[in-house]
Amino acid sequence: MNNNNNMICDFGVHKGESYKQVPASFLTWMVGINHQKASIAKEELKRREQAARQSLMKSS
């Protein structure tokens, strides 16, 4: 997986924000319309899902 921690959104209402801070709904929208940077959005969504799963495993 690419390290998107330093990747900055360069368009739309979230221009200037790290993809790590962009709402999941915006990332999902990017994927849904097959935006030219949809791969970045997919990777960030995957990163968040993995983090959530790890958090659940730790709390079990």
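Asp-10 is partly exposed, with a relative accessible area of 42%; here buried means under 20% relative accessible area, exposed means over 50%, and partly exposed lies in between (1.4 Å probe, protein chains only). The side chain of Asp-10 forms a salt bridge with that of Lys-37, at 2.6 Å from N to O. The model is predicted, so local features need pLDDT of at least 70 and side-chain atom pairs count only at pLDDT 80 or more, while totals for chains, interfaces and linings use all residues. Residues are numbered from 1 along each chain as its sequence is written, and side-chain values use heavy atoms, with hydrogens and water left out.

**Salt bridges**

- A search of the whole structure gives five salt bridges, a salt bridge being a side-chain nitrogen of Lys or Arg within 4 Å of a carboxyl oxygen of Asp or Glu.
- One of them, the pair Asp-10 and Lys-37, links distant parts of the chain, 27 residues apart. Asp-10 is in the segment before helix H1 (24-32), and Lys-37 is in the loop between H1 and helix H2 (38-59). Helices (H or I, at least four residues) and strands (E, at least two) are DSSP runs, numbered from the N terminus.
- Arg-48 and Glu-44 also meet through their side chains in a salt bridge, at 2.8 Å from N to O. The two residues are four residues apart in helix H2, so about one helical turn separates them.
- Arg-53 counts as exposed at 51% relative accessibility, and Glu-49 counts as partly exposed at 40%.
- Salt bridges that share partners join Glu-44, Arg-47 and Arg-48 into one network.

**Nonpolar core**

- In soluble globular proteins, nonpolar side chains tend to be buried together.
- The largest nonpolar core has nine residues: Cys-9, Phe-11, Tyr-19, Val-22, Phe-26, Leu-27, Met-30, Ile-40 and Ala-41. A nonpolar core is a set of buried Ala, Val, Leu, Ile, Met, Phe, Trp, Tyr and Cys residues joined through side-chain atoms within 4.5 Å.
- H1 and H2 each supply at least two residues of this core, and H1 gives the most to it, with three residues.
- Val-22, a member of this core, touches Cys-9, His-14, Glu-17, Leu-27 and Arg-48, not counting residues up to four places away in sequence. Contact means heavy atoms within 4.5 Å.

- The buried residues of H1 are Phe-26, Leu-27 and Met-30. They cover an arc of only 100° around the axis, so they are on the same side of H1; the arc is that of the directions from the helix axis to the C-beta atoms.
- These buried residues of H1 pack against H2.
- The face of H1 turned away from its buried side carries the exposed residues Ser-25 and Gly-32.

**Residues outside the helices**

- His-14 is placed in the segment before H1 and counts as buried at 14% relative accessibility.
- His-14 touches Cys-9, Val-22, Pro-23 and Phe-26, not counting residues up to four places away in sequence.
- Asn-34 lies in the loop between H1 and H2 and is exposed, with a relative accessible area of 62%.
- Phi of Asn-34 is near 55°, a positive value in a residue other than glycine.

**Aromatic rings**

- The structure holds two aromatic pairs. Rings of Phe, Tyr and Trp (its six-membered ring) pair if their centres lie within 6.5 Å; planes under 30 degrees apart count as stacked, over 60 as edge-to-face and the rest as tilted.
- The rings of Phe-26 and Trp-29 have their centres 5.4 Å apart and their planes at 35°, so this pair is tilted.
- Phe-26 and Trp-29 are three residues apart in helix H1, so about one helical turn separates them.
- Phe-26 counts as buried at 12% relative accessibility, whereas Trp-29 is partly exposed, with a relative accessible area of 41%.
- Ring pairs link Phe-11, Phe-26 and Trp-29 into a cluster.
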